[in-house]
Amino acid sequence: LHTLDFFYFQTALYLYSPHPQKNHVMPDNQTSPSSRDWLLLASGSTYKFTLTGFYLVALVAILKNHGYSLNQLSWIHLIGGIEAAKVLFAALMERRPAGRFGRFRGWLLAATLGLSAVFGLMACTDITQNFPLLLTCCVLLSAMSAVYGCAMLGLSCIVLPHRERGFGGVIQTMAARGGKMIGGALVLWLYQEYGQTAAAGFMLAFSLLMLLQLLCYREPESPTAQGGLTALAARLVSFWRRPETGWRWLVLLFAVAAPYAFAAATFVPKLADLGFSPKQTGGILAVGIPVACLIVTPLSGWFSRNYPRRKLVFLLYALQLPLLVSMTAIDALARVHPWLPPAQIIALSLSYTLLLPVILALVMDKSDRATAALDSSLQFSVVLLGSYAAGFAALRLAKAVGYADAYWMAVGLAVLAGGLLYACRDLFDSDEP
């Protein structure tokens, strides 16, 4: 769940960040995007978020319904950590000379073709009965999805002139929520009503439609970004050696989303254990949470305008703590009323939604104007790596000691992360008004 929101905010940061070396690519008098450009950006972005919803919600729910243990499901989260390598994929794309298919269209075609092959295999074979084959498919899904997401983001940046990026951000927001509903809720509805083959077949059909659209699309010309791989590698190291970052910032980024990620990894299997059907699980996680988040997101903007970031980050972290503590009593609350656990999950997700824009702002503070896209991608990759590692550990711990004790570990992680925030408060003191 967390990676979808991080991908959206990283997209927003990339769209609105300055790119000094590329200003000549998107001058103010650039021709407005054509209808084909807008159609591809809308459908392509929706497809990307559909992939994320499918992997983190639908696939986990399907496997849980087939009797997979929490230890087995934990590998799905660990493999999803491939998404954290997107900073390397993006850098390679920017520095690879444009070929006959363009700078980004070729990557999109290759990724979509690979995804179509995986979904075709899922539609024709019961991979739930072959764990090694399932893990292989998960590796391919994660890798191809990361490549596709990076290429779509790069295409957005060369197609959209500065004056159109606001509307581009609107498209990304709609795509994030719509894709999550399609990949999570709709796929699980198809699975429960018509079976696993229908669910995988739908994803295959969607992939083939995207492939057809890409084959008919012609990417506008754009120059390759300057700077070689040596300079890139040097920046990946030197970023952490600056006084305003350092190893403390690296550790803090790794830990900042871990408490919520730890709890979120258990949402799908816990709802299944509480008796919720896959269709109900999809409705809660892929419809209920996005709708609720859309309602409270403006409140986060109000907080950001009226409170300094250092105070706000502690306030919102403190808000998460009692909600995480309440998760330890989820079984008792389920006996009081069966829909109290979903309410807990939604409330915890809302607290995280309020915190996420603050994390975005802190990442922007640490990103140099000349390398904003690379710096932000690097920092978000660290956050994603910590999130997926937390999800892997959460499911294995829940299997070993039970959900309640696993949630107490999430509480401990929140206290530890809060302590890290306090210890590192001087890293963002200088940015306070």
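I'll begin with the chain as a whole and then take the two pairs in turn.

This is a predicted model, where local features need pLDDT of at least 70, side-chain atom pairs count only at pLDDT 80 or more, and totals for chains, interfaces and linings use all residues. Residues are numbered from 1 along each chain as its sequence is written, and side-chain values use heavy atoms, with hydrogens and water left out.

The chain has 19 helices and zero strands; helices are DSSP runs of H or I with at least four residues, strands are E runs of at least two, and both are numbered from the N terminus. Of its 433 residues, 56% count as buried, meaning under 20% relative accessible area with a 1.4 Å probe, protein chains only.

First pair. Helix α2, residues 35–65, packs against helix α8, residues 196–215, at about 150°, with the axes 11 Å apart. Axes are lines fitted to C-alpha atoms over the stretch in contact, and angles run from 0 to 180 degrees between N-to-C directions. That angle makes α2 roughly antiparallel to α8, a label used for angles over 145 degrees.

Second pair. Helix α14, residues 309–327, and helix α18, residues 403–423, pack at about 165°, their axes 8 Å apart. So α14 is also roughly antiparallel to α18.

Note on methods:
Angles under 35 degrees count as roughly parallel, over 145 as roughly antiparallel, 65 to 115 as roughly perpendicular and the rest as oblique. Buried means under 20% relative accessible area, exposed over 50%, partly exposed in between (1.4 Å probe, protein chains only).
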